[in-house]
Amino acid sequence: MTRLNKGQPFPKLQVPAVGGGMLNLPEDLAGQFGVVLIYRGSWCPFCSKQLARFQEASDALVELGVRVAALSVDDEETSRRLIEKLELGFPVGHSADVAKVAEATGAYVDDELTYLQATEFVLAPDSTVAEASYSSGAGGRLTPFDVAGLIRYIRKYSCA
């Protein structure tokens with residue numbers, strides 16, 4: 001398992017989307033900056049707070065041309081309840097295969113309870129990794145302010 005670094009292509013991931021269909025990454029975010037939020041599960045208060053913050057910042061992110069998608073190992077009904085509770089407007093994938101996602105992205109795994117640790121990626125419009133954030137526990141998360149600042153920096157200095 002290898003962690004993804006800046007400039008590397010984001011691997012193809014496909015997970016069921018809440019409400020039907022599939023979340024196809026990075027294709028569903030291609031052509032604009034994208035944020036992929038891999039969260040531990042609806043039971044995690046830190047994850048809920050992070051997802052809520054991205055929703056609260058959605059207008060500002062849309063103005064910057066940023067699309068957001070999230071995924072976890074939660075089943076569809078659990079994910080649906082979280083979407084409703086937090087009023088999320090971005091796509092959320094459910095029932096992610098822990099081993100496949102970890103192998104593709106390098107996400108840390110809680111082996112005891114079998115879930116993915118918080119892992120976030122900012123993708124450039126060409127679907128390469130502009131930033132990767134890996135957490136081995138509950139802390140250390142990307143915020144929408146981090147994303148907005150990074151994208152403004154990239155645009156200003158053309159270093160994507």
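Q: Before anything else, what does buried mean here?
A: Buried means under 20% relative accessible area, exposed means over 50%, and partly exposed is what falls in between. The structure above is a predicted model.

Q: OK. Which strand is Asp110 in?
A: Asp110 belongs to strand β6, which covers residues 109–110.

Q: And which side chain of opposite charge is nearest to Asp110?
A: That is Arg40, at 5.6 Å. Asp110 is buried and has no salt bridge.

Q: What does the side chain of Asp110 reach, then?
A: It reaches the backbone nitrogen of Glu112, at 3.1 Å.

Q: Where do Glu27 and Lys12 sit?
A: Glu27 is in the loop between β2 (22–25) and β3, while Lys12 is in the segment before β1 (13–16). The two parts are 15 residues apart in sequence, so this pair ties them together.

Q: Are those two buried or exposed?
A: Lys12 is exposed, at 66% relative accessibility. Glu27 is partly exposed, with a relative accessible area of 37%.

Q: Which residues are linked in a network of salt bridges?
A: Glu76, Glu77, Arg80 and Arg81. Within it, Glu77 pairs with Arg80, with closest N and O atoms 3.6 Å apart. Glu77 also pairs with Arg81, where the corresponding distance is 3.7 Å.

Q: How exposed are they?
A: Glu77 is partly exposed at 41% relative accessible area. Arg80 is partly exposed at 29%, and Arg81 is partly exposed at 47%.

Q: Switching to helix α1. How far apart are its end C-alpha atoms?
A: They are 16 Å apart. The helix has twelve residues, 45–56, and at 1.5 Å a residue it should span 16 Å, which agrees.

Q: Which residues of α1 are buried?
A: Cys47, Ser48, Gln50, Leu51, Ala52, Phe54 and Gln55.

Q: What covers them?
A: The cover includes strands β3 (33–38), β4 (66–71) and β8 (119–123). It also includes helices α2 (58–63), α3 (76–86) and α5 (144–157). So α3, the helix that holds Arg80 and Glu77, is also part of what covers the buried residues of α1.

Q: And Lys49, buried or partly exposed?
A: Lys49 lies in α1 and is partly exposed, with a relative accessible area of 48%.

Q: How far is Lys49 from Leu86?
A: They are 37 residues apart in sequence, and their C-alpha atoms are 9.0 Å apart in space.

Technical notes:
Residues numbered from 1 in each chain as written. Predicted model: local features only at pLDDT ≥ 70, side-chain atom pairs only at ≥ 80, totals over all residues. Heavy atoms only, no water. Helix = DSSP H or I, 4+ residues; strand = E, 2+ residues; numbered from the N terminus. Expected span 1.5 Å × (residues − 1). Buried < 20%, exposed > 50% of the residue type's maximum accessible area, 1.4 Å probe, protein only. Contact = heavy atoms within 4.5 Å. Salt bridge = Lys/Arg side-chain N within 4 Å of Asp/Glu carboxyl O. Lys, Arg positive; Asp, Glu negative; His and termini not counted. Polar contact = N/O pair within 3.5 Å; in protein donor to acceptor, adjacent residues only side chain to side chain.
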